[in-house]
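User: Hello! I would like to learn how to read a structure feature by feature. Could you walk me through this one?

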Amino acid sequence: MMQGRQKTFTSISQVVLMCITLLACASPDYPPAVTLKKVSQVTLPPGLAETSGLYCREDSLLTINDSGNLPLIHTIDYQGNIQSATRVAAPNNDWEAITLTGDTLVVADIGNNRGNRTDLSLITINSKSGETRRRLPLAYKANPVSANQAYAHDFDAEAITAVQNTVYLFSKSWATQIANVYRFTLDDDLTALRPQKTIQGLPGVITGADWDSGRHQFVLIGYLSDPFGNFDAFISRLDRNLRVLDTWPLTDFKQVEGICVSANGDYWISQEAGSGSQAVLAQFRLQNER
């Protein structure tokens, strides 16, 4: 009886060993992790020194300057040359982002580093005629405007994008470093916005966003900065449920402001000019995608 048990145990051991060996031999060679490669970079003209938002079209890009500049939407080619400019019938208090939903361009006048603005708004423009349609007042629920401290609150934002008719606004959360995500349509009341989601695990504040319709992902750009003018810029991509998938450092960049995804899936980013850095337009491509 004992010998029979030993034979059975030996047979089972041999089978298990054979299975392990076969699995080891059949293990695939997994490709390396997805990487991000810079493909090109050009210096933007002086008229775009304070570029603060970017939107990719088939044969051109749209960009805007932030506070202190004329209310213009600039059309540029993919070499960074200005092709035309459309004047918007609304002031540029602090324009920070631009996106498209349906046939409506949306310019986000939402920059609020100091936390004391009470005139935040979205400006809607007919994408075909360039005619300004409406100015939509925007405010956050439970925002203690008078108590906010400059660069130390969570009621700032510089990033919007649209997924079909839904607009996503990402906060620039200076205080907590946990981004709030607001979702709405242009028909909603925007004067008491509440966050629907939060994003944790990003290495800095968000300054630009786009929806990658080909991959069904969000792509974000931002930075961690200090009072001495140092920037640690990054790009992150998130799944459609806003979970972080990848983050790549942008070691050669500083005050990055805009990001968009072109028709072929490349990432395009803009950087504002600053101390020791120029305004640039750069192209990146994902590699080793599965």
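Analyst: Happy to. Let us start with burial: a residue counts as buried when its relative accessible area is under 20%. The model here is a predicted one. Trp-268 has a relative accessible area of 6%, so Trp-268 is buried.

User: Where does Trp-268 sit, and what is it in contact with?

Analyst: Trp-268 is part of strand 19. Setting aside neighbours within four places in sequence, its contacts include Ser-40, Leu-54, Leu-61, Tyr-78 and Ile-259, and among them are also Cys-56 and Cys-260. The side chains of Trp-268 and Ser-262 are joined by a polar contact of 3.3 Å.

User: Is Ser-270 buried or exposed?

Analyst: Use the same cut-off of 20%. Ser-270 has a relative accessible area of 1%, and therefore it is buried. Ser-270 also belongs to strand 19, which covers residues 267–271. Its side chain makes a polar contact of 3.5 Å with the side chain of Thr-51. Beyond four places in sequence, Ser-270 touches Thr-51, Leu-54, Val-256, Glu-257, Gly-258 and Val-280.

User: How do I read the sheet, and in which order do its strands come?

Analyst: Follow the pairing from strand to strand. Here 4 strands form an open sheet in the order 1-20-19-18, with antiparallel pairing. Strand 1 (35–43) and strand 18 (256–261) are the edge strands, each pairing on one side only. From one strand to the next, the twist averages 25 degrees. Over 8 bridges, strand 1 pairs with strand 20 (residues 280–287) in the antiparallel sense.

User: Now a loop residue, please. Where is Asp-239, and which side chain does its own side chain contact?

Analyst: Asp-239 is placed in the loop between strand 16 (231–238) and strand 17 (244–250). Its relative accessibility is 14%, so Asp-239 counts as buried. The side chain of Asp-239 makes a polar contact of 2.8 Å with the side chain of Arg-243. Not counting residues up to four places away in sequence, Asp-239 touches His-216, Phe-218 and Leu-245.

User: And for the whole chain, how many helices and strands are there?

Analyst: The protein chain has 1 helix and 20 strands. Of its 290 residues, 48% count as buried. Among contacts between residues at least 6 apart in sequence, 46% join residues at least 24 apart. The accessible surface of the chain is about 14600 Å², and 51% of that area belongs to carbon and sulfur atoms.

Technical notes:
Residues are numbered from 1 along each chain as its sequence is written. This is a predicted model: local features need pLDDT of at least 70, side-chain atom pairs count only at pLDDT 80 or more; totals for chains, interfaces and linings use all residues. Side-chain values use heavy atoms; hydrogens and water are left out. Helices (H or I, at least four residues) and strands (E, at least two) are DSSP runs, numbered from the N terminus. Buried means under 20% relative accessible area, exposed over 50%, partly exposed in between (1.4 Å probe, protein chains only). A polar contact is a pair of N or O atoms within 3.5 Å; within protein, one must be able to donate a hydrogen and the other to accept it, and residues adjacent in sequence count only if both atoms are side-chain atoms. Contact means heavy atoms within 4.5 Å. Two strands pair if DSSP finds at least two bridges between them. Axes are lines fitted to C-alpha atoms, for helices over the stretch in contact, and angles run from 0 to 180 degrees between N-to-C directions. Accessible areas come from the Shrake-Rupley method with a 1.4 Å probe; for residues, only the protein chains shown count as cover.
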